[in-house]
Each structure stands twice: as structure tokens, then as C-alpha cells.
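The tour below gives one selection after another and says what is found at each stop.

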Amino acid sequence: MMTGKARLAGVLGWPVSHSQSPRLHGFWLDQHEIDGAYLPLPVAPEHFASAVRSLIHLGFRGANVTVPHKEAAFRLCQEQGNTLTARARHVGSVNTLVFDADGHLHGDTTDGFGFVENLRAGAPGWQAGTGPALILGAGGAARSVIAALLEAGCPDVILTNRSRDRAEALAADLGGPIRVVDWDQRGPACAGIALLVNTTSLGMTGQPPLEMDLSALPQSALVTDIVYAPLETALLAAARLRGNVVVDGLGMLLHQARPGFEAWFGVAPAVTEALRTHIISGKK
Ligand code: ATR
């Protein structure tokens with residue numbers, strides 16, 4: 001139920017019809033019986049800045065920002081009077097905007113937080129400091145994942161990507177203990193690692209499979225995939241068969257949403273089995 005005092009938020013994207021965020025935030029709004037709404041907000045790139053200003057004028061509390069607006073949101077938050085969290089500055093993109101009463105923007109990036117929280121929830125006792133992490137892929141997702149792992153105390157990141165130059169650029173830009181290895185070395189690079197992460201689109205429904213030789217992977221390594229369709233990717237299935245602990249990627253999506261929801265609606269939401277089932281089922 002909504003009244004005239006409803007709190008408003010939403011997700012800005014182009015397109016935005018594929019976004020799970022309205023279902024996700026809608027679940028929490030219902031669960032906590034909050035007088036509020038979370039809307040899909042399709043906005044073309046050339047209208048992004050004016051759309052954000054309009055949301056402020058409309059009294060919105062804030063918004064999530066998804067493809068292709070994350071860098072534009074970052075730039076808006078660099079303007080006078082606006083702020084960025086340290087992790088948003090490190091990653092160089094923003095997925096969560098909070099509007100204050102003066103109309104200023106506060107930008108955060110929560111994908112890396114979601115990634116780490118998902119591992120903590122799915123593999124209790126996991127610690128980033130245990131040993132090296134091997135990251136497959138060098139896109140925006142890898143950027144958030146690596147920044148969060150370094151912040152959490154990961155001592156050594158091994159980064160591999162089909163286009164090596166993209167991995168080199170990412171390592172140089174983020175700084176810290178990141179070393180790049182060739183894509184065709186991804187199998188041998190598993191030796192001695194404590195964590196394996198796929199951040200590429202390989203293995204996603206409709207995409208090519210991820211071919212990966214796991215024979216050098218220690219059984220003690222945690223394996224995770226940011227692909228969550230299918231929920232159990234071929235990588236996770238193969239690692240599980242070898243006896244590794246695996247964590248699927250859906251939780252990253254769910255956990256990244258927590259800081260925004262709390263800031264806009266004033267309640268700290270929980271990621272529960274009921275929420276997972278709701279998102280997986282696709283039902284209203
Ligand atoms: P995101 O920002 O969501 O991470 P992205 O920037 O499109 O998305 O990155 C996709 C990742 O999947 C990249 O690391 C990409 O490798 P390239 O940088 O070489 O393009 C990787 N990827 C996509 N298709 C691939 C394929 N067929 N083989 C190997 N890597 C692939």
C-alpha cells in the first residue's frame with residue numbers, strides 16, 4: 001500500500017526491462033510493509049544527468065544505476081557538493097545513488113560488497129586473506145570484484161583475460177598486488193590458489209561455455225561464478241565434483257542491493273532463502 005508520503009527509488013538503465021532490481025526491492029518493501037516504491041526507470045544515455053535531476057525534484061530518495069550509466073553516475077558525483085565513497089572512487093563507477101535533502105548526490109558502488117558478502121554467507125569462515133585469488137575476466141564486474149578482494153585483505157590477485165591488454169590496464173588502474181597471466185595459462189594458474197572467480201560471461205545461458213582445466217586447482221579453494229543463469233554453471237558443477245566448496249552468483253546480486261535499500265527505505269534488509277526462491281521463480 002502506498003500513501004502520499006511514500007518513499008521512492010528506482011533503477012536507471014538503458015534498457016532496464018531485464019533488471020531484477022524492481023522484483024528484489026519489491027520483495028523487501030512487501031516484507032517490511034514499507035510505504036514506498038521501487039521503479040524501473042528506462043533512461044537513454046543522453047538524458048541521464050537531466051533524469052537524475054528530475055528524480056531529485058520529484059522527491060526520490062535515490063536510485064540504482066545500471067548499464068550503461070555507471071561511469072556517468074560516477075562523474076556526476078564528482079561535481080561540487082556531491083560525494084563518493086572510497087570504494088566508488090577506487091572502482092571509478094557508481095551503482096547506488098542517495099539524494100540528500102539539499103539535492104546533493106552521494107555515490108557508492110556495492111557490487112564488490114555484494115560479491116564479498118555472498119562468499120561470507122555461502123562459505124562461512126571464508127577469509128580473503130587466506131591466499132591468492134585467480135580472477136577470470138577484466139570487465140566492469142572484475143573491477144568491482146578485485147577492488148573488494150584487495151580491500152578485504154586478499155594478498156595476491158592473479159588476473160587473466162582473453163584480451164591481455166585489458167587485464168594489464170585494469171591491474172595498472174586499480175594498483176595493488178595484481179599480476180596478469182595469459183588466458184591460455186588459466187589452468188596452470190590454479191596451482192596454489194585459495195579462490196577462483198569467473199567474472200566473464202562464459203557459461204551463461206546462450207553464451208559459449210567456459211573451458212577450464214581444473215586439474216591444478218587445490219581442493220581447499222573456494223570456487224564462485226558471477227554468472228547465475230544457470231544457477232549452477234558448468235564451472236561450479238565441475239568444481240563441486242572435485243570436492244571444492246562452491247558459491248553461486250545469485251547472492252552477489254541480492255547482497256549488492258542491501259546498502260541502497262537501507263539508505264532509501266530505512267530498514268536493513270536480509271538475504272534469505274525466501275528471497276532467492278522469489279527471484280529464481282520469476283513469479284510476481
Ligand atoms: P562486465 O562489465 O559485465 O564484466 P564486459 O566488460 O563485457 O562485461 O566483460 C566481459 C568479460 O567476458 C571480458 O573479460 C571478456 O573478455 P575480453 O575482455 O577479452 O572481451 C570476457 N569474454 C566474453 N566473451 C568471451 C569469450 N568468448 N572468451 C573469453 N572471454 C570472453
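Select Leu-202, Gly-203, Leu-210, Asp-225, Thr-233, Ala-234 and Leu-235, which line the largest cavity. By class this lining has four nonpolar, two polar and one charged residues; Ala, Val, Leu, Ile, Met, Phe, Trp, Tyr, Cys and Pro count as nonpolar, Asp, Glu, Lys and Arg as charged, and the others, Gly among them, as polar. The space inside is about 30 Å³. A cavity is a set of points on a 1 Å grid over the protein atoms alone where a 1.4 Å probe fits but cannot get out, while a pocket is an open set with protein on both sides within 12 Å along at least five of seven lines; lining residues have an atom within 4 Å of a point. Grid points are joined across faces, edges and corners, and a volume is the space filled by probe spheres set on the points. By this rule there is one cavity of 30 Å³ or more.

The model is predicted, with local features needing pLDDT of at least 70 and side-chain atom pairs counted only at pLDDT 80 or more, whereas totals for chains, interfaces and linings use all residues. Residues are numbered from 1 along each chain as its sequence is written, and side-chain values use heavy atoms, with hydrogens and water left out.

Two or more lining residues come from each of β3 (62–65), α3 (70–77), α6 and α9 (250–256); helices (H or I, at least four residues) and strands (E, at least two) are DSSP runs, numbered from the N terminus. Which element gives the largest share of the lining? That is α6, with four residues. The lining of the largest pocket as a whole has 16 nonpolar, 21 polar and six charged residues.

Helix α5 (residues 111–122) packs on α6 at an angle of about 65°, and their axes are 8 Å apart. Axes are lines fitted to C-alpha atoms, for helices over the stretch in contact, and angles run from 0 to 180 degrees between N-to-C directions. Show Asp-111, Gly-112, Phe-113, Phe-115 and Val-116 of α5 with Ser-144, Val-145, Ala-148 and Leu-149 of α6, which make the contact (heavy atoms within 4.5 Å). This contact has six nonpolar, two polar and one charged residues.

Now switch to helix α7 (residues 164–174), which packs against α6 (residues 140–151) at about 40°, with the axes 11 Å apart. The two helices α6 and α7 are therefore oblique to each other; angles under 35 degrees count as roughly parallel, over 145 as roughly antiparallel, 65 to 115 as roughly perpendicular and the rest as oblique. On the α6 side select Ala-142, Arg-143, Ile-146 and Ala-147, and on the α7 side Leu-170, Asp-173 and Leu-174. Five nonpolar, no polar and two charged residues make up this contact of α6 with α7.

Move to helix α1 (residues 21–31) and helix α11 (residues 273–281), which pack at about 140° with axes 10 Å apart. Here α1 passes α11 in a right-handed crossing. Arg-23, Leu-24, Phe-27 and Trp-28 of α1 meet Ala-274, Leu-275, His-278, Ile-279 and Ser-281 of α11.

The last stops are in loops. Most residues other than glycine have a negative phi, and most peptide bonds are trans. Glu-33 has a positive phi, near 50°, and lies in the loop between α1 and β2 (36–42). The peptide bond from Trp-14 to Pro-15 is cis, with omega near 5°; Pro-15 is in the loop between β1 (7–13) and α1. Finish at Ala-229 and Pro-230, joined by a cis peptide bond with omega about 5°. Pro-230 sits in the loop between β11 (222–225) and α8 (234–241).

Notes: A crossing is left-handed if the near helix is turned anticlockwise from the far one by less than a right angle, and right-handed if clockwise.
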